[in-house]
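Subject: Structure handover

Hello,

Please find the structure below, followed by notes on what was found in it.

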Amino acid sequence: MNQQNWGSFQTLLGHLEEGVLTLIINRPDKMNALNQTVLSELEQAIEQLEQDQTIQGVILTGAGEKAFVAGADISEFNGADKKTAMEMASKGQAIFDRLEKNKKPIIAAVNGFALGGGCELAMACHIRIAAEQARFGQPEVNLGLIPGYGGTQRLTQLVGRGKALEIMMTGNMIDAAHALQIGLINQVVDATALMEESKKMMRTILTKGPQAVARVIQAVEACFDKKKDGYQEEVTLFGQCFGTAEMQEGVSAFLEKRKPKFS
Ligand code: COA
């Protein structure tokens with residue numbers, strides 16, 4: 001298959017193949033920890049992939065076999081004051097928010113440790129597929145900290161209040177099977193099948209109407225946006241589907257008993 005390198009970054013690698021961008025956090029000697037360079041480059045990459053018409057979906061993963069991302073880079077916490085810490089959290093939250101609100105589907109292929117900011121990053125993706133050896137956790141309390149990149153909110157949304165509190169208050173790691181059981185992730189696969197299974201899920205999504213997929217993301221987002229009435233948002237988005245070429249093709253294909261061809 002025709003795989004092209006995408007983007008030019010110090011801490012990220014990008015490969016583009018048939019409309020699917022595989023974006024790799026690339027600091028394997030530091031367990032792909034998120035330092036300020038990674039965060040800034042992630043922001044740039046999100047901006048670029050939003051503009052890039054050749055990209056239809058994104059798979060986010062970590063370099064190496066051990067870690068997806070083992071958290072924010074702890075060495076950057078040393079000596080930081082309250083103001084810097086709040087700026088760090090706001091920056092991280094804004095980037096992860098932009099990922100979550102992206103109109104293109106984003107799958108986290110979790111290949112190893114997803115701790116702290118790594119778990120938060122995976123949670124900001126639309127779907128999470130994990131290798132059997134992946135481990136999840138919010139161990140910030142071990143450092144006298146709490147999650148700062150949206151973890152207190154997204155973990156609670158995904159697994160409910162009781163489990164979220166347990167994970168964040170104990171700081172314990174959980175394995176992929178447990179993460180699946182509580183709804184933190186969507187699927188567990190053998191490590192050797194991780195990228196293929198992630199691509200398979202992506203290919204399924206990409207056979208659907210891209211505008212409809214984007215509207216699903218937008219409608220679900222509205223459920224968690226306190227400023228929005230999710231049901232009203234759904235009515236509006238449902239209405240927007242009507243009259244699109246995409247909907248005409250989908251409905252015609254069904255009536256003509258053929259597969260739809262979305263562009
Ligand atoms: N920030 C900065 N550096 C990190 C890091 C992080 N979050 N996680 C791992 N690293 C670095 C280690 O310091 C080490 O660097 P060194 O080789 O220069 O000493 C390297 O990555 C390898 O990690 P190491 O701890 O030796 O690997 P391990 O297999 O023994 O343990 C972990 C793996 C993930 C369990 C362990 O690294 C860990 O607990 N990391 C911190 C997790 C965390 O608290 N995340 C939340 C941060 S808010």
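Leucine 60 has alanine 108 of S6 as its bridge partner. The strands involved are S4 (residues 57-62) and S6, which run parallel and are joined by 3 bridges. Two strands pair here if DSSP finds at least two bridges between them. Helices (H or I, at least four residues) and strands (E, at least two) are DSSP runs, numbered from the N terminus.

This is a predicted model, in which local features need pLDDT of at least 70 and side-chain atom pairs count only at pLDDT 80 or more, while totals for chains, interfaces and linings use all residues. Residues are numbered from 1 along each chain as its sequence is written, and side-chain values use heavy atoms, with hydrogens and water left out.

Alanine 108 also has a bridge partner in S8, namely arginine 128. Strand S8 (residues 127-131) is joined to S6 by 4 bridges, and the two run parallel. On the other strand mentioned above, S4 pairs with strand S3 (residues 20-25) in the parallel sense over 6 bridges. There, threonine 22 stands opposite isoleucine 59 of S4.

How many residues of strand S6 are buried? For S6 (residues 106-110) the count is 5 of the 5, so this strand is largely enclosed by the rest of the structure. Buried means under 20% relative accessible area, exposed over 50%, and partly exposed in between (1.4 Å probe, protein chains only). Ile106, Ala108 and Val110 point one way from S6, Ile107 and Ala109 point the other way, and all are buried. S4 is mostly covered too, with 6 of its 6 residues buried. From S4, Gly57, Ile59 and Thr61 point one way and Val58, Leu60 and Gly62 the other. In a regular strand the side chains alternate between the two faces of the sheet.

There is also an open sheet of 4 strands, in the order S5-S7-S9-S10, with mixed pairing. Strand S5 (67-69) and strand S10 (174-175) stand at its edges with a single partner strand each, so one side of each has no neighbour in the sheet. Within this sheet, strand S7 (residues 113-115) and strand S9 (residues 135-137) run parallel and are joined by 3 bridges. Phenylalanine 113 has arginine 135 in S9 as its bridge partner.

Next, the ligand. It is surrounded by 17 residues, and the closest are Lys30, Lys66, Ala70, Ala72 and Ile74. A residue counts as near a molecule or strand if one of its heavy atoms lies within 4 Å of it. By class, this shell has 11 nonpolar, 1 polar and 5 charged residues. An N or O atom in the side chain of lysine 30 is 2.5 Å from an oxygen atom of the ligand. For lysine 66, a polar side-chain atom lies 2.9 Å from a ligand oxygen atom. Alanine 70 has a polar backbone atom 3.0 Å from a nitrogen atom of the ligand. Taken alone the ligand exposes 860 Å², and the protein buries 60% of that. Those areas come from the Shrake-Rupley method with a 1.4 Å probe; for residues, only the protein chains shown count as cover.

Several loop residues were also picked out.

- Asparagine 102 lies in the loop between helix H2 (82-100) and S6. This asparagine is buried, at a relative accessible area of 3%. Its C-alpha atom is 10 Å from that of glutamate 221, 119 residues apart along the chain.
- Phenylalanine 9 lies in the loop between strand S1 (3-5) and strand S2 (12-17), and counts as buried at 15% relative accessibility. Phenylalanine 9 and glutamate 41 are 6.7 Å apart, C-alpha to C-alpha, and 32 residues apart in sequence.
- Glutamate 18, in the loop between S2 and S3, is exposed, with a relative accessible area of 56%. Its phi is near 50 degrees, a positive value in a residue other than glycine.
- Methionine 31 is in the loop between S3 and helix H1 (36-51), and has a positive phi of about 55 degrees. This methionine is partly exposed, at 26%.

Lastly, the structure holds 0 disulfides (pairs of cysteine sulfur atoms within 2.5 Å). Cysteine 125 is in none, and the nearest cysteine sulfur, in cysteine 119, is 11 Å away. Cysteine 125 is buried, with a relative accessible area of 4%. For cysteine 241, the closest cysteine sulfur is that of cysteine 223, at 18 Å, too far for a bond.

Regards

Definitions and conventions: A polar contact is a pair of N or O atoms within 3.5 Å; within protein, one must be able to donate a hydrogen and the other to accept it, and residues adjacent in sequence count only if both atoms are side-chain atoms. Ala, Val, Leu, Ile, Met, Phe, Trp, Tyr, Cys and Pro count as nonpolar, Asp, Glu, Lys and Arg as charged, and the others, Gly among them, as polar.
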